[in-house]
Amino acid sequence: HVPTAAMASRRVQTLSLRHMVEFVRGPDLNTVKHTSRFLNGQLPKRIDVLLEKFAALPPEIHESFAIQRALASFKHARSNFLSSEPPSSPDEFLPHAIQLAKAVREMDVDARSMCTTLRDDSKRLNSFPEEIDEAVEAAFRLLLPARVLVSHYYTGVKKLEEAAQADQEGGEGGVEGTSSGGKEELASRPTALSNQSEEKAISSLGPPASIHSIPLIVEAAIYDSQAFAVEKFGAAPEVEIDIDPVPSPPISTDKKRPVAVCIDAHLHYVCMEVLKNAYRAMINTHGALEVKEAAPIQVHVTSSRDQIGIAIGDTGAGLSSEVSPARYSDSFRFFHSTAPPMMANYTYSRQFGAAFDGLGFGLPLSRLYCDMMGGDLVLGNRPGYGCTAYITLDKHGRAQNI
């Protein structure tokens with residue numbers, strides 16, 4: 001399930017969501033061993049790519065304490081990965097997975113602190129917007145896939161331990177490729193995490209990829225985003241959702257609602273960010289008191305043999321006709337935002353990313369999530385009438401973008 005032949009190569013190797021779904025579905029001892037070696041070999045190489053991007057920044061930017069701290073964190077993690085040996089016995093897999101989770105979480109915390117500090121220090125950084133944008137994107141292109149990879153590794157290790165425990169207790173599900181000694185070692189390990197830091201590290205990884213009903217995720221995002229809008233703006237526009245019939249053959253027995261291999265939390269985030277932007281545009285155009293009378297936001301879910309499409313169209317004012325199509329890409333640059341920063345002091349903003357509200361993280365991160373799921377996020381503009389966001393996903397999770 002995991003490429004291991006060219007592990008000594010210096011190039012970064014990528015995986016698909018399908019690889020990871022198959023791994024989590026039925027991990028065996030040999031596959032978990034290969035995965036641990038893959039992670040130990042690949043994470044330092046991915047950090048090298050990030051460090052090269054930051055090395056290209058002008059010297060003045062390196063004076064920032066936030067950047068110095070983040071780079072020190074990345075270098076420390078790289079050193080730890082290079083100096084640590086992959087697990088050699090079954091009882092070492094879970095501690096290894098937790099160690100990787102802690103390292104990824106520490107890098108993630110420092111990177112996000114770095115990004116918010118850079119945004120606050122905008123006066124000094126105005127001369128280098130493109131370089132900063134590329135470096136920040138490199139940071140997230142390291143951290144988001146690393147979180148996904150380690151999440152699946154941890155999930156696979158836990159499933160392997162559960163299977164070993166069931167086998168020891170006389171269950172029918174044995175562990176393929178595991179010696180009896182290995183089974184005893186796995187089954188004897190305590191399953192509870194030993195302290196709060198380990199719990200936080202594991203919970204920060206997020207859920208693994210699986211086959212999900214796309215309309216269910218979209219409908220949940222609509223419900224959550226409307227509650228968010230009511231708390232934040234005092235009103236929420238109406239939303240209508242239309243789901244196209246699934247073409248034959250589907251990848252599951254659900255013939256009425258399109259399904260796809262994806263990470264549900266990532267797709268929920270993407271839909272939330274697009275809907276939040278649509279609500280803001282609608283309320284700015286029609287006003288909070290009249291927005292309920294405006295034409296509703298239209299959400300259209302489509303499915304082809306290989307792709308899922310989600311279109312979300314609002315009836316706000318759209319981008320000005322004076323803005324050239326070439327500048328639409330600004331919406332996907334980190335730190336570019338037309339919304340004012342707002343305090344995250346209410347329920348839905350705390351849950352759905354308002355720590356970065358108004359910082360210009362929503363659409364860039366959403367596009368990275370779509371890329372990891374084999375798709376894209378594109379904006380269509382109708383000056384004076386509104387915008388439509390087009391989200392696409394690789395239905396079968398075959399794109400090797402992680």
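The following dialogue discusses how to read several features of this predicted model.

Student: How many helices and strands are there in the protein, and what share of the residues is buried?

Tutor: The predicted model contains 12 helices and seven strands. Of its 402 residues, 50% are buried. Among contacts between residues at least 6 apart in sequence, 78% join residues at least 24 apart.

Student: Which elements have the lowest and the highest mean pLDDT?

Tutor: As a general rule, where pLDDT is low, the predicted coordinates should not be read in detail. Here the protein averages a pLDDT of 78, and 75% of the residues score at least 70. Among the elements, helix H11 (residues 347–351) has the lowest mean, 48, whereas strand E5 (residues 307–313) has the highest, 95. For residues 1–9 the pLDDT is below 50, and this stretch has 18 contacts in the model beyond near neighbours in sequence. Residues 250–254 also stay under 50, with seven contacts beyond four places in sequence.

Student: In what order do the strands of the open sheet stand, and which are the edge strands?

Tutor: Strands of a sheet pair through backbone hydrogen bonds, either parallel or antiparallel. In this model five strands form an open sheet in the order E2-E4-E5-E7-E6, with mixed pairing. Strand E2 (239–243) and strand E6 (376–382) are the edges, each pairing on one side only. From one strand to the next, the twist averages 15°.

Student: How many bridges join the paired strands E4 and E5, E5 and E7, and E6 and E7?

Tutor: Strand E4 (residues 297–303) runs antiparallel to E5, and six bridges join them. Within that pairing, valine 299 has isoleucine 312 of E5 as its bridge partner. E5 and E7 are also antiparallel, over seven bridges, and glycine 313 is partnered by threonine 388 in E7. Another seven bridges join E6 to E7, again in the antiparallel sense; leucine 377 stands opposite isoleucine 391 in E7. The hairpin of E6 and E7 has three residues between the strands, and its glycine 384 takes a positive phi near 85°. Seven of the nine residues of E7 are buried, so this strand is largely enclosed by the rest of the structure.

Student: What span should helix H9 have, and which of its residues are buried?

Tutor: An α-helix has 3.6 residues a turn, so residues three or four places apart point the same way. Helix H9 (residues 214–233) has 20 residues and, at 1.5 Å a residue, should span 28 Å; its end C-alpha atoms are 28 Å apart, which agrees. The buried residues of H9 include Ile214, Ile217, Val218, Ala221, Ile222, Ser225, Phe228 and Lys232. Just after H9, glycine 234 takes a positive phi of about 90°.

Student: Where is proline 215, and what does it touch?

Tutor: Proline 215 is in helix H9. This proline is buried, with a relative accessible area of 0%. Not counting residues up to four places away in sequence, proline 215 touches Ile243, Arg257 and Pro258. The C-alpha atoms of proline 215 and isoleucine 243 are separated by 7.4 Å, although these residues are 28 apart along the chain.

Student: How many aromatic pairs are there?

Tutor: A pair of aromatic rings is described by the distance of the centres and the angle of the planes. The count here comes to one aromatic pair. The rings of tyrosine 269 and tyrosine 369 have centres 5.4 Å apart and planes at 75°, so the pair is edge-to-face. Tyrosine 269 lies in helix H10 (residues 264–286) and tyrosine 369 in helix H12 (residues 362–372), so the pair ties together parts that are 100 residues apart in sequence. Both tyrosine 269 and tyrosine 369 are buried.

Student: How many residues of H12 are buried?

Tutor: Nine of the 11 residues are buried, so H12 is largely enclosed by the rest of the structure. Among them are Leu363, Leu365, Leu368, Tyr369 and Met372. Just after H12, glycine 374 takes a positive phi of about 75°.

Definitions and conventions. Residues are numbered from 1 along each chain as its sequence is written. This is a predicted model: local features need pLDDT of at least 70, side-chain atom pairs count only at pLDDT 80 or more; totals for chains, interfaces and linings use all residues. Side-chain values use heavy atoms; hydrogens and water are left out. pLDDT is the predictor's confidence in each residue, from 0 to 100. Helices (H or I, at least four residues) and strands (E, at least two) are DSSP runs, numbered from the N terminus. Contact means heavy atoms within 4.5 Å. The expected span of a helix is 1.5 Å times one less than its number of residues. Buried means under 20% relative accessible area, exposed over 50%, partly exposed in between (1.4 Å probe, protein chains only). Rings of Phe, Tyr and Trp (its six-membered ring) pair if their centres lie within 6.5 Å; planes under 30 degrees apart count as stacked, over 60 as edge-to-face and the rest as tilted. Two strands pair if DSSP finds at least two bridges between them. Axes are lines fitted to C-alpha atoms, for helices over the stretch in contact, and angles run from 0 to 180 degrees between N-to-C directions.
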